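Look at the model first, then read on.

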Amino acid sequence: MTATEPAEKLHIRDAVLLVGRLLLSLIFVHEGLELATRFGGAQKAMAALGVGTPLLLATIALQLGAGLSVALGILARLGAVALGLFCLMTAGLFHTNFASQNELLHFEKDLAIAGGMFILALSGAGGLSADRVLFVKAAKIGAPVE
């Protein structure tokens, strides 16, 4: 689907992509808000894991920024790649104690979420996205007057 096709061309694929984007982004937006609103506690917990304040701030910005990017469909491919890579790094850095069933589960969930993000990056946000609305308006602005 191109940005200039009318809204009547929207399909179930677009609705499924929207629901998928919202489900994938929920965990990141929620966690970013939790870290931001409970910054002092998060700072102490992260310091115990060897993560300093600058990296904590970057994590909050990434989770909120890329999470909203995916949810709203604004540069969703870029947001999805960023979050997919974040999940791979989180799995490899923090969830490698496979003797713990809980850690193994978190490792596997991070890999699964990364896979979903990479699929989203390839497929794009679909027709029900802010990018589509913005590109349609931009195409109309630049269109020749008849």
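A crossing of two helices is called left-handed if the near helix is turned anticlockwise from the far one by less than a right angle; if the turn is clockwise, the crossing is right-handed. Keep this in mind for the helix pairs below. The model is predicted.

## Helix 1 against helix 5

Helix 1 passes helix 5 in a left-handed crossing. The two pack at an angle of about 140°, and their axes are 11 Å apart. An angle must be over 145 degrees to count as roughly antiparallel. Helix 1 is therefore oblique to helix 5.

Which residues of helix 1 and helix 5 make the contact? Helix 1 brings R13, L17, R21, L24, I27 and F28. Helix 5 brings I113, G116, M117, L120 and S123. By class, seven of the contact residues are nonpolar, two are polar and two are charged.

## Helix 4 against helix 5

Helix 4 covers residues 76-94, and helix 5 covers residues 101-123. Their axes come within 8 Å and cross at roughly 160°. That angle makes helix 4 roughly antiparallel to helix 5. This crossing is left-handed.

On the helix 4 side, the contact includes R77, L83, L88 and F94. On the helix 5 side, the residues include E103, F107, M117 and S123. The contact has 17 nonpolar residues, four polar ones and three charged ones.

## Helix 1 against helix 2

Helix 1 spans 12-37, and helix 2 spans 39-48. Their axes lie 5 Å apart, at an angle of about 100°. Helix 1 and helix 2 are therefore roughly perpendicular to each other.

L35, A36 and T37 of helix 1 meet F39, A42 and M46 of helix 2. Five of these residues are nonpolar, one is polar and none is charged.

## The largest pocket

How much space lies in the largest pocket? The volume is about 720 Å³.

The largest pocket is lined by 26 residues. Closest to its centre are T59, Q63, F86, T90 and F94. Helix 1, helix 2, helix 3 (53-72), helix 4 and helix 5 each supply at least two residues of the lining. By class, the lining has 18 nonpolar, five polar and three charged residues. F94 also belongs to the contact of helix 4 with helix 5, and so does T90.

Key: Residues numbered from 1 in each chain as written. Predicted model: local features only at pLDDT ≥ 70, side-chain atom pairs only at ≥ 80, totals over all residues. Heavy atoms only, no water. Axes fitted to C-alpha atoms, helices over the stretch in contact; angles between N-to-C directions. Helix = DSSP H or I, 4+ residues; strand = E, 2+ residues; numbered from the N terminus. Parallel < 35°, antiparallel > 145°, perpendicular 65-115°, else oblique. Contact = heavy atoms within 4.5 Å. Nonpolar A, V, L, I, M, F, W, Y, C, P; charged D, E, K, R; others polar. 1 Å grid on protein atoms, 1.4 Å probe; cavity = no way out; pocket = protein on both sides within 12 Å on 5 of 7 lines; lining within 4 Å. Points joined across faces, edges and corners; volume = space filled by probe spheres on them.
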